[in-house]
Amino acid sequence: MTNTENDALYLHPDRNLAMELVRATEAASIRAYPFIGRGDKLAADGAAVDAMRAFLTTVNFDGVVVIGEGEKDEAPMLFNGEHVGNGRGPACDIAVDPIDGTSLTAAGRQNALSVIAVSDRGTMLDASSVFYMDKIVTGPEGVGVIDIDRPIGDNIRALAKAKGKDVSDIKVAVLDRPRHVGLIEEIRAAGAGTRLLLDGDVAGGINAARYETRTDMCVGIGGSPEGIVTACAIKALGGLIQGRLLPKTDEERQRAIDAGLDVDRVYEADDLVRGNNTMFVATGVTDGGLVAGVRKKGPIIRTESLVLRSRSGTIRRIVADHIADKWF
Ligand code: VTB
Ligand code: MG
Ligand code: MG
């Protein structure tokens with residue numbers, strides 16, 4: 001081995017991990033394929049969870065699930081604290097969402113993704129005791145400019161200025177929920193436009209941070225697991241995320257406090273996931289703005305995935321053809 005090769009290994013001991021993990025999100029998407037549009041979200045999720053879990057056992061790493069399926073989507077496995085991977089290789093925290101958008105998948109709607117995020121062991125915030133998080137996500141232009149505590153109109157104007165855009169050209173992604181009626185009004189009153197999401201604020205956040213999309217910002221209350229996962233992606237893409245946990249009951253608030261969480265604090269990207277070694281992989285389940293959904297083309301199943309690594313600052317798009325006979 002040459003010195004350069006040696007250095008490369010030393011500097012990037014887990015460089016291939018992201019590329020290995022993408023197999024697990026591909027598998028989850030492929031297994032979810034027969035359930036797209038079939039009206040059974042639990043069956044879709046179950047198939048994706050099984051596939052992801054099976055694939056993860058073959059991956060060279062020692063992962064502990066910090067954000068799992070259990071609590072939120074009532075899925076059977078990949079629970080918080082579960083060890084995944086073959087136990088050899090880097091010690092990591094892992095966040096999984098075998099399908100973000102199980103209802104979208106069951107309905108045959110767009111924007112369902114299979115997602116994994118990984119960071120060094122002990123760096124991911126375990127926010128599993130609180131279901132919801134209020135968040136704001138933008139691209140790099142928002143850093144030092146956006147403040148989740150200011151009125152949305154101010155943030156929109158500040159971002160427009162930083163981006164050199166007219167406010168009327170700013171598009172803000174928001175989950176289409178009754179709780180956001182007021183927020184949506186404020187966004188429009190500021191002169192910006194909304195992109196209402198049925199589900200899937202991970203994809204919404206990533207699209208807000210990517211430079212070539214039509215979304216400039218993603219705001220509002222979504223899942224707190226999705227907030228951590230988004231933070232992993234944002235670290236790789238560059239961009240801003242701020243989040244505040246939002247317990248709905250006194251009991252939930254107390255559970256958060258007992259878990260060492262600060263429900264008044266604004267968590268920045270570096271608080272949601274520490275360090276600069278985050279990886280994010282996602283494969284499309286159904287078509288979306290981020291990646292195409294899994295599709296069958298004759299004897300082939302085609303998947304499209306995104307692989308982000310913060311340390312290298314790379315964004316890879318991977319299209320894979322899988323021989324359908326081997327899967328079904
Ligand atoms: C969001 C959305 C997810 O949960 O995080 C949402 O991005 C939050 O919960 O796709 P509500 O549905 O109660 O608003 C999902 O819809 C499902 O994980
Ligand atoms: Mg899910
Ligand atoms: Mg989800």
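Buried means under 20% relative accessible area, exposed over 50% and partly exposed in between, with a 1.4 Å probe and protein chains only. The legends below describe a predicted model, in which local features need pLDDT of at least 70, side-chain atom pairs count only at pLDDT 80 or more, and totals for chains, interfaces and linings use all residues. Residues are numbered from 1 along each chain as its sequence is written, chains are lettered from A and ligands numbered from 1 in the order in which they are written, and side-chain values use heavy atoms, with hydrogens and water left out.

**View 1. Glycine 227 in helix H9.** Helices (H or I, at least four residues) and strands (E, at least two) are DSSP runs, numbered from the N terminus. Glycine 227 has a relative accessible area of 0% and therefore counts as buried. Contact means heavy atoms within 4.5 Å. Setting aside residues up to four places away in sequence, glycine 227 touches Met133, Lys135, Ile241 and Leu272. Its C-alpha atom is 7.2 Å from that of glycine 243, which is 16 residues away along the chain.

**View 2. The protein donors of the magnesium ion (ligand 3).** Donors are N, O and S atoms within 2.8 Å of the metal (3.2 Å for Na, K and Ca); water is not among the atoms, so sites may look incomplete. Asp97 (OD), Asp100 (OD) and Glu226 (OE) lie 2.1 to 2.5 Å from the ion. The spacing of these donor residues in sequence is D-x2-D-x125-E. A distance of 3.6 Å separates the magnesium ion (ligand 3) from the magnesium ion (ligand 2), and aspartate 97 coordinates both. Distant parts of the chain are linked here: aspartate 97 belongs to strand S3 (residues 91–100) and glutamate 226 to helix H9 (residues 224–237), 129 residues apart. Both aspartate 97 and glutamate 226 are buried.

View 3. Aspartate 100 is classed as buried because its relative accessibility is 8%. Not counting residues up to four places away in sequence, aspartate 100 is in contact with Asn111, Ala112, Leu113, Gly200, Asp201, Val202 and Glu226.

**View 4. Asparagine 111 and its positive phi.** Asparagine 111 sits in the loop between helix H5 (102–107) and strand S4 (113–120). Its phi is near 80°, a positive value in a residue other than glycine. Most residues other than glycine have a negative phi. With 26% relative accessibility, asparagine 111 is partly exposed. Alanine 107, in helix H5, is also shown. The relative accessible area of alanine 107 is 46%, so this residue is partly exposed. Alanine 107 and lysine 41 are 66 residues apart along the chain, and their C-alpha atoms are separated by 8.3 Å.

**View 5. Packing of helix H8 (residues 201–209) and H9.** Axes are lines fitted to C-alpha atoms, for helices over the stretch in contact, and angles run from 0 to 180 degrees between N-to-C directions. Angles under 35 degrees count as roughly parallel, over 145 as roughly antiparallel, 65 to 115 as roughly perpendicular and the rest as oblique. H8 and H9 are therefore roughly parallel. Their crossing is right-handed; a crossing has this hand if the near helix is turned clockwise from the far one by less than a right angle, and is left-handed if anticlockwise. From H8, Asp201, Val202, Gly205, Ile206 and Ala209 meet Glu226, Val229, Thr230, Ala233, Ile234 and Leu237 of H9. This contact comprises seven nonpolar, two polar and two charged residues. Ala, Val, Leu, Ile, Met, Phe, Trp, Tyr, Cys and Pro count as nonpolar, Asp, Glu, Lys and Arg as charged, and the others, Gly among them, as polar.

**View 6. Packing of helix H2 (residues 17–32) and helix H3 (residues 41–56).** The two axes are 7 Å apart, at an angle of about 150°. H2 is therefore roughly antiparallel to H3. The crossing of this pair is right-handed. Leu21, Arg23, Ala24, Thr25, Ala27, Ala28, Arg31 and Ala32 of H2 meet Ala44, Ala47, Ala48, Ala51, Met52, Phe55 and Leu56 of H3. Twelve nonpolar, one polar and two charged residues make up the contact of H2 with H3.

**View 7. Valine 294 in the loop between strand S11 (279–284) and strand S12 (295–297).** Valine 294 is buried because its relative accessible area is 7%. Tyrosine 33 is 261 residues from valine 294 in sequence, yet 6.6 Å away in space, C-alpha to C-alpha. Apart from neighbours within four places in sequence, the contacts of valine 294 are Ser29, Ile30, Tyr33, Ile36, Gly284, Val285, Ile301, Arg302 and Thr303.
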